[in-house]
Amino acid sequence: MTDNAGPILIHGARVLDPGRGVDAVEDLLLGREGILASRTATPVATIDARGLLLVPGFVDLHCHLREPGEEHKETIRTGLEAAARGGFTTVCAMPNTRPPIDNAAVVERVLAAAGAAGRGRVLPIGCVTAGRAGEHLAELAELAEAGCVAFSDDGSPVADAELMRRALEYAGGLGLPIIDHCEDPALARGGVMHEGWVATRLGLRGQPAAAEEAMAARDIRLAALTGAHVHLAHISTAGTVALLRQAKREGLPITAEVTPHHLALTHEAVLYGPPDSLLPAYDTHARVNPPLRAESDRRACLEALADGTIDCVATDHAPHARTDKECEFDIAAPGISGLETALGVLLTLVDEGALTLERAIEAVTIGPVRALGLDRRLPGLGTLAPGAPADAVLIDLDARWQVEPEHFASLGKNTPFRGRTLRGRVVATFSGGRLIYDARAAARV
Amino acid sequence: MTTTEESAAQAEAPARQRALSGWKGRHILDLDTFSRAEIEHVLETADAMREVLQRDVPRVPALRGVTVATLFYEPSTRTRASFELAGKALGADVLNLSASGSSVEKGESLIDTVRTLQAMGVQVIVMRHPRSGAPYLAAAHCQAAVVNGGDGWHAHPSQALLDLYTIRRRYGTLAGLRVAIVGDIAHSRVARSNIWGLTTMGAEVVLCGPPTLLPSGIGPRISTAREEVAFPHVTIEHDLERALRGADVVMALRLQKERMQSGLLPGLREYARRYQITAERLALAQPDALVMHPGPMNEGVEIAPEVAHGGQSRIEEQVTNGVAVRMALLFLVARGG
């Protein structure tokens, strides 16, 4: 493969582009400025992609890149490298950095670092409240002008309902959504995993499903009150799915995402851990917020993703240092390094018959783009339409691979999927018409 | 990739095999990995240890040259003293270590500490820790045998074994007995380990307390027969009289005052009125039912003084038996079966 300046022709792949309803063997011409109509330019390189799947570059609405402030966990450069390996060409960076992304200067710094990394696109998310403190609004208009695509105090919810109402009104006036980490602080207080039989067996304090549902219900009603768009982050319970279904039936401006780990794992992952662990495992790699839930919740989320009630999949990529996880369960940092396993987890679910291939790809391409309206800013994003950003991923659907976090590009090796065999792997990733990840080259290194 | 029961069982198999390959060096973390035969073996070994303790000079040199460390991250009088006496009665060198509150904050210090102890030649680490699961972290990072002396709300296997021993001395067996465990089940490591031990030995276990002290998913509720629970073979009962009826053993648990502050109970008065083991209520159990308590007791709260010190009480004998059972555990993990 090559990295010359001219257009790249990808020949003979099965092109699956759910945003345009395309599923056919076609050639695709990637130029620096965007996807080119076929035969409008002479390619400088041709990639023989027969037998592979070609899809639009993935878009992750929920990612923690840790920079600035926690560069020992991840940097924008390593985060984008992990994204490229996972097939993600656009990632939305959550603002819980140090300092948080609550003013234009931090937004500019993040965008500059992303530009310098030279692979993939970072779309920053700004804080809802100054310093994420939940007390007064951040300068949302300034954040929007600087390039933020949404607002969120992710990690901590906006506890004050009146403040949330005003935030929605104000953000709605700017035409941007609030991404809502739903967690009632009183109900969730001190809880380190899902409240249920596993927490009870392990003697750990649980967070009831109602902690998420109570706040989701509140904010759905606030969306009805204000008319502003609420995007429910990483929903995890059957009850939240029911609330979302009802809200959509009412025609409210509500969208939602679910993570690969909530689709694939349950709270039993904390108990049993990876295959070689002691019993019980108290697996800190399965500690995450919201927590991994019961099997009935997992199934409800999967069904809602399959039928379109949940709009998209987002990774909630949350890299941590080794020492953040190598400790007692209830002081371990919550979070999963997810960019490099997302596709494999989704395609394994496809393999198991829980999702169609088209829906799985839709959920990481046009699904998130439409959920947040990102194509208003970047026309064609999440598709392979002529003129769209030339972001694409080549996938080997038949590959089976074992998750070895030590080989992650992410600095965060924290994954509950360690040792598991996943189906489907990224062969190459293109961003802006350039090859930004090549599995064969990576394997030679 | 889904965690069905089948895959969970598969995941369990290799870990179980390793955990059960002989006694020497084995971690004693909870009773969930103990078979009935293994529990029997501990109790039989404790019989031999009890005999040693009744001699004029209650000492044997069985663990001469062995160093046992007690590593306590939480205050404890009886468990620590009991392990220390057990080690000394077997001729082991016993090193007592306490960790201050601040060093509990960072997990690394626990891993560092157990590795340091191992490097100094300690073969057995008896550990008490306020965080559930901490002994599992220690066991994963050192070769010394880790004996859980109580972790958070999770497990207290040596206490459960001494409880089993005390019941077995009275009845000769545990199978078929009805055991009522009454009080703060939610925050009790003693209750959890006893549930594993008692159900493995074939006893019928009734858990009794107000709903706020019986945690989510601990046992089957009649209304939702199909839900998954931590302990499928227990019975849940909120009414104390019904729980006590026909019981062969009544175990009361300590009620901590902070449970009132956290809003789980209206107050001590109402708790005592509904859940105190009184002489009148005890009369509903079998005529010679045993009364037990892991200590320390709040007399007049979870148990009436006349019951705590009455003829059916085995509370002091539990303490005596604790030394013999802990001798058995130290001997087994240091010397093998």
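This is a predicted model: local features need pLDDT of at least 70, side-chain atom pairs count only at pLDDT 80 or more; totals for chains, interfaces and linings use all residues.
What pLDDT does chain B average, and what percentage of the residues score at least 70?

1. Chain B averages a pLDDT of 90, and 89% of the residues score at least 70. For the complex, the predictor gives an ipTM of 0.92 and a pTM of 0.94.

2. One stretch of chain B calls for caution when you read the model. Over residues 1-18 of chain B, pLDDT stays under 50, and the model has 19 contacts beyond four places in sequence for these residues.

3. Chain B holds an open sheet of 5 strands, which follow the order β7-β6-β5-β8-β9 with parallel pairing. Because β7 (234-237) and β9 (290-292) of chain B stand at the edges with a single partner strand each, one side of each is left without a neighbour in the sheet. On average, and with direction ignored, neighbouring strands of this sheet are turned by 20° against each other.

4. Within that sheet, strand β5 (residues 178-182) of chain B runs parallel to strand β8 (residues 249-252) of chain B, and 4 bridges join the two. In β8(B), B:Val249 is the bridge partner of B:Val179.

5. In chain A, A:Pro253 lies in the loop between α8 (238-249) and β14 (254-258). A:Pro253 counts as partly exposed because it has 18 C-beta neighbours inside 10 Å, a count that falls between the cut-offs of 12 or fewer for exposed and 20 or more for buried. Leaving aside neighbours within four places in sequence, A:Pro253 is in contact with A:Ala223, A:Gly227, A:Ala228, A:His229 and A:Val230. Although A:Pro253 and A:Gly227 are 26 residues apart along the chain, their C-alpha atoms are separated by 6.8 Å.

How values were computed
Residues are numbered from 1 along each chain as its sequence is written. Chains are lettered from A and ligands numbered from 1 in the order in which they are written. Two strands pair if DSSP finds at least two bridges between them. Axes are lines fitted to C-alpha atoms, for helices over the stretch in contact, and angles run from 0 to 180 degrees between N-to-C directions. pLDDT is the predictor's confidence in each residue, from 0 to 100. Two residues are in contact if their C-beta atoms, placed from the backbone, lie within 7 Å.
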